[in-house]
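Hi everyone, thanks for coming. Please have a look at the model on the screen, and I will walk you through a few of its details.

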Amino acid sequence: MDDRILNFIREHRGKILGGLIGFLVAVLLLEFGFWKCLFIAICVCIGLWIGSKSESRDRFMRYLAELFTNGH
């Protein structure tokens, strides 16, 4: 790709991502309606929450394992 395009993407990453998310939400609302989209959003949020809990538990368990195996 051209360097100008890559620089533009780097400088405006948030705007580009926000625009794409807005477009996706609009398409989903038009296709499925408000309540089905709200249900999908809630399911995604629950999935993200469960995934983040799993990751923090894994990090905590690794920390404990390193703490006790290093003889501290």
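By definition, a disulfide is a pair of cysteine sulfur atoms within 2.5 Å. The structure holds 0 disulfides, and Cys43 is in none, with the sulfur of Cys45 as its nearest cysteine sulfur at 9.4 Å.

Before going on, a word on where this comes from. This is a predicted model, in which local features need pLDDT of at least 70 and side-chain atom pairs count only at pLDDT 80 or more, while totals for chains, interfaces and linings use all residues. Residues are numbered from 1 along each chain as its sequence is written, and side-chain values use heavy atoms, leaving out hydrogens and water.

Next, the aromatic rings. Rings of Phe, Tyr and Trp (its six-membered ring) pair if their centres lie within 6.5 Å; planes under 30 degrees apart count as stacked, over 60 as edge-to-face, and the rest as tilted. How many aromatic pairs does this rule give? The count comes to 1. The partners are Phe34 and Trp35, edge-to-face, with 4.9 Å from centre to centre and 80 degrees between the planes. Phe34 is partly exposed, at 49%, whereas Trp35 is exposed, at 66%.

Now for the helices, which are DSSP runs (H or I, at least four residues), numbered from the N terminus. Helix H2 covers residues 13-32, so 20 residues, and it reaches 28 Å from first C-alpha to last, close to the 28 Å expected at 1.5 Å a residue. That expected span is 1.5 Å times one less than the number of residues. Arg13 sits in H2 and is exposed, at 60% relative accessibility. After H2 comes Gly33, with a positive phi near 95 degrees.

Finally, Ser54 lies in helix H3, residues 34-69, and is partly exposed at 38%. Between Ser54 and Ile9 there are 32 Å in space, C-alpha to C-alpha, and they are 45 residues apart in sequence.

Methods. Buried means under 20% relative accessible area, exposed over 50%, partly exposed in between (1.4 Å probe, protein chains only). Helices (H or I, at least four residues) and strands (E, at least two) are DSSP runs, numbered from the N terminus.
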